[in-house]
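Please examine the sequence and the structure shown below before reading on.

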Amino acid sequence: MSSSESSVLLLDRDDANARAVERGLAVAGFSVTRCADPARLPDLLKAGRFDVLIADVLMTRITDEDLIVWARQNQRKLRIVIMSEFESPFLDKQCISKGADLFVAKPVDLHKLQEFLLPVEDRTSGGLRQSLAGGSEGIAPMSGATVKIAIQRTRPSPGPRGRGERGTG
Amino acid sequence: MSMPRILIVEDEPVVAMSLRRHLTTWGYHVVGQAVRGEQAVVLAKEFEPDLVLMDIQLVGDIDGIEAASQIRAQSDAAVIFLTGYSDSKMFARARITEPYGYLIKPVLPKDLLHTIETALQRRARERGSGKMNSA
């Protein structure tokens with residue numbers, strides 16, 4: 001399975017996250033179908049021949065049947081990625097035990113998603129990482145499913161600023 | 001579909017690095033990084049970013065609000081202010097430049113992502129409707 005042939009079904013009501021994931025995967029050559037209604041999932045999976053399902057964990061609990069269990073039972077080859085706003089080891093284990101292949105926290109680290117989605121040959125030749133890194137502007141991906149912004153107030157006071165040279169330019 | 005191009009204007013290296021890493025991880029293309037307002041105006045003209053993440057208090061002769069005003073006069077880049085301070089005078093000044101967002105540090109990653117995506121969506125809509133004029 002190469003990235004250009006892979007088809008992804010993205011199930012998420014978080015529009016900002018879904019847009020970012022959709023765009024990131026589309027740039028890398030994936031075909032992405034977005035859906036915000038879990039009730040449509042069975043029909044979409046039956047008709048769409050998706051390779052990957054990426055779903056918010058909250059969306060898996062809306063129907064009577066657990067979507068992870070249902071998807072695993074009915075689409076054995078489907079790769080399942082579950083997203084959550086919470087970086088929870090318990091939730092991670094729970095999703096994996098139900099049949100999910102990967103658990104990621106939001107906002108989704110697209111590099112981590114790449115490691116999971118791209119076959120080995122695509123990873124070694126650059127693949128998604130190269131496109132996400134924006135050429136030479138790129139920075140090595142962060143480790144871990146989530147990252148915390150380390151923005152702190154580092155300035156002692158809001159008073160007038162000096163005019164000396166600072167930073168990297 | 002292409003990756004949105006973002007310019008970071010931040011004079012705190014640690015914050016700038018953190019922003020850059022997050023934006024890259026989320027699939028955005030960081031086209032440049034400025035530490036002074038004057039530099040931001042030049043880089044915005046050169047790289048034509050879709051969006052500028054702008055710290056307000058910067059070293060140099062002009063602050064982030066003035067830099068945003070100059071950038072908006074020459075391009076249709078969406079500007080989101082990121083500041084450690086939130087006094088009403090500063091906010092009133094910032095509002096005049098019609099920013100697409102105003103975030104107080106520290107910022108939660110999901111709040112940053114949501115603000116960026118909302119801004120990009122609004123910008124695309126405004127460009128589509130012809131409300132904004134290219135420089």
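Which pattern does chain B follow when it is read along the sequence? Chain B follows the pattern β-α-β-α-β-α-β-α-β-α. It contains five helices and five strands, where helices (H or I, at least four residues) and strands (E, at least two) are DSSP runs, numbered from the N terminus. The radius of gyration of chain B is 13 Å, close to the 14 Å given by the globule rule for 135 residues, so chain B is as compact as a globular protein of that length. This radius is taken over C-alpha atoms, and the globule rule is 2.2 Å times the number of residues to the power 0.38.

The model is predicted: local features need pLDDT of at least 70, side-chain atom pairs count only at pLDDT 80 or more, and totals for chains, interfaces and linings use all residues. Residues are numbered from 1 along each chain as its sequence is written, chains are lettered from A and ligands numbered from 1 in the order in which they are written, and side-chain values use heavy atoms, with hydrogens and water left out.

The C-alpha atoms of chain B fill a box of roughly 35 × 30 × 25 Å along the principal axes. Of its 135 residues, 62% are buried; buried means under 20% relative accessible area, exposed over 50%, and partly exposed in between (1.4 Å probe, protein chains only). The accessible surface of chain B is about 5,500 Å², and carbon and sulfur atoms account for 52% of it. Such areas come from the Shrake-Rupley method with a 1.4 Å probe; for residues, only the protein chains shown count as cover. Among contacts (heavy atoms within 4.5 Å) in chain B between residues at least 6 apart in sequence, 62% join residues at least 24 apart.

Chain A has seven helices and five strands. Along the sequence, chain A follows the pattern β-α-β-α-β-α-β-α-β-α-α-α. Of its 169 residues, 48% count as buried. The accessible surface of chain A comes to about 8,600 Å², of which 49% belongs to carbon and sulfur atoms.

B:Asp11 lies in the loop between strand E1 (5-9) and helix H1 (13-25). At 0% relative accessibility, B:Asp11 counts as buried. A polar atom of its side chain lies 3.4 Å from the backbone nitrogen of B:Val59. B:Asp55, in strand E3 (residues 51-55), is also buried, with a relative accessible area of 0%. Its side chain is joined to that of B:Lys105 by a polar contact of 3.4 Å. A polar contact is a pair of N or O atoms within 3.5 Å; within protein, one must be able to donate a hydrogen and the other to accept it, and residues adjacent in sequence count only if both atoms are side-chain atoms.

B:Lys105 also takes part in a cis peptide bond with B:Pro106, with omega about 0°. B:Pro106 lies in the loop between E5 and H5 of chain B. In chain A, the peptide bond from A:Lys106 to A:Pro107 is cis, with omega near -10°, and A:Pro107 is found in the loop between strand E5 (102-105) and helix H5 (110-117). Most residues other than glycine have a negative phi, and most peptide bonds are trans.

Two residues of chain B illustrate the matter of phi. B:Glu48, in the loop between helix H2 (37-47) and E3, has a positive phi near 50° and is exposed at 60% relative accessibility. B:Glu98, in the loop between H4 and E5, has a positive phi of about 55° although it is not a glycine. B:Glu98 is exposed, with a relative accessible area of 51%.

Which residues does B:Leu103 touch, not counting residues up to four places away in sequence? They are B:Ile80, B:Phe81, B:Leu82, B:Thr83, B:Leu112 and B:Thr115. B:Leu103 belongs to strand E5 (residues 101-104) of chain B and is buried, with a relative accessible area of 12%.

Finally, B:His114 lies in helix H5 (residues 109-129) of chain B. B:His114 is partly exposed, with a relative accessible area of 30%. Leaving aside neighbours within four places in sequence, B:His114 is in contact with A:Asp14 and A:Ala16.
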